[in-house]
Amino acid sequence: MTAPTDVLPRSETTEQQELDTPYVLLVWNDPVNLMSYVSYVFRSHFGYSETKADQLMLEVHQQGRSVVSTGALEQVEADVAAMHGYGLWATFQRADQG
Amino acid sequence: MARAFKSTPRGFTARLDSTERELLRGLFEDVATLLAPEDDGAAPGEEPDPLWAMVGMDPRTHAAEFAAPTDPAELRLLPDAVQGDQDASLEYRRLTETTLRERKIGALKAAALAMESSALAFDAAAANQFAQALNDVRLVLAERLDLRTEDDAERISSVIDAATVDDVDEYLALVYNFVTWLQETLMQALLGSL
């Protein structure tokens, strides 16, 4: 006995779309982490330029949060763990969520 | 009196006197203790379950009663990873929290050990780890000081004279400001070397 093959491709496509949905890593402002430290973490962990790291750091500081990276779920989850290692307040969510 | 971190051919160096080293060592050890799991799931004198150890998982995080920390300082060190979704946060916590605790405790213990010597000299990797340990100490002190807003930060940063300190909060604020100063000098040295 085999499963009817005509329904399989459709469900695989749905799963693939789920896997392809990008996730975002948000860093939230707090009054403890030093601006210099946050910039340093963005530069050393993500390899961002000084300009980009400083811009993201200021966004966190002034707007309360910033999208610091975007990618596949697994990558973003690993980056969140790294940010928590540094003591930054980071969360992740699907890119299409508010 | 402490001398600030600077970038030198010998690495990232600073000097601390014996009182400062004693103070910092105590703080690193306290935060490491705060992060240490209460028990390893095994009865006293019993080895942890080898099957769990073999698959690299922690039975505590898979127990039915596993939950986010209740101590706000511990929660600040191990925050929820998904905003507004307790179930997703808890699931992430099950998979990552043990490793995160171990990593933080490792950095804090290395930092405590570095307090054996008055002359600190770190390579870039060790300096990065020392910065993490200083930051975790600051997060815990800030929580104990109820530091929530930029205004609180401003108020606390004005406590700089040891001679005028006359209660526990002012003493904690003074300690917080010292650790902040030391971390800031390390960050300037590290940023200058990137």
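## The sheet of chain B

How many residues stand between β1(B) and β2(B) in the hairpin that they form? In this predicted model, the hairpin of β1(B) and β2(B) has 2 residues between its strands, and the two strands pair in the antiparallel sense over 4 bridges. Within this pairing, R3(B) has R15(B) of β2(B) as its bridge partner.

## Helix α5 of chain B within its own chain

The crossing in which α5(B) passes α7(B) is left-handed.

The residues of α5(B) that make this contact include A124(B), A127(B), F130(B), L134(B), V137(B) and L141(B), while those of α7(B) include L172(B), V175(B), V179(B), L186(B) and L190(B). By class, the contact of α5(B) with α7(B) has 16 nonpolar, 4 polar and 2 charged residues.

## The crossing of α2(A) and α5(B)

Helix α5 (residues 124–144) of chain B also meets chain A, where its axis and that of helix α2 (residues 35–46) of chain A come within 12 Å and cross at roughly 140°. The two helices, α2(A) and α5(B), are therefore oblique to each other, and their crossing is left-handed.

On the side of α2(A), the contact is made by Y37(A), Y40(A) and S44(A), and on the side of α5(B) by N128(B), A131(B), Q132(B) and N135(B). These residues divide into 3 nonpolar, 4 polar and no charged. Among them, N128(B), A131(B) and N135(B) also take part in the contact of α5(B) with α7(B).

## The interface as a whole

The contact between the chains takes 33 residues from chain B and 26 residues from chain A. Between them, the two chains bury about 2,600 Å², of which 59% is on carbon and sulfur atoms. In chain B, the residues that lose the most area to chain A are Q83(B), Y92(B) and L194(B), which together account for 20% of what that side buries.

## The sheet of chain A

Chain A has an open sheet formed by 3 strands in the order β2-β1-β3, with antiparallel pairing. Here β2 (65–71) and β3 (90–94) of chain A stand at the edges with a single partner strand each, so one side of each is left without a neighbour in the sheet. Neighbouring strands of this sheet are turned by 30° against each other on average, direction ignored.

Strand β1 (residues 23–28) of chain A pairs with β3(A) in the antiparallel sense over 5 bridges, and L26(A) stands opposite T91(A) in β3(A). Helix α3 (residues 50–63) of chain A packs on the sheet, where it touches β1 and β2 of chain A, and its direction makes about 135° with that of β2(A).

Terms used. Residues numbered from 1 in each chain as written. Chains lettered and ligands numbered in written order. Predicted model: local features only at pLDDT ≥ 70, side-chain atom pairs only at ≥ 80, totals over all residues. Heavy atoms only, no water. Axes fitted to C-alpha atoms, helices over the stretch in contact; angles between N-to-C directions. Parallel < 35°, antiparallel > 145°, perpendicular 65-115°, else oblique. Left-handed = near helix turned anticlockwise from the far one by under 90°. Contact = heavy atoms within 4.5 Å. Nonpolar A, V, L, I, M, F, W, Y, C, P; charged D, E, K, R; others polar. Buried area = accessible area lost by both parts, 1.4 Å probe. Pairing = 2+ DSSP bridges.
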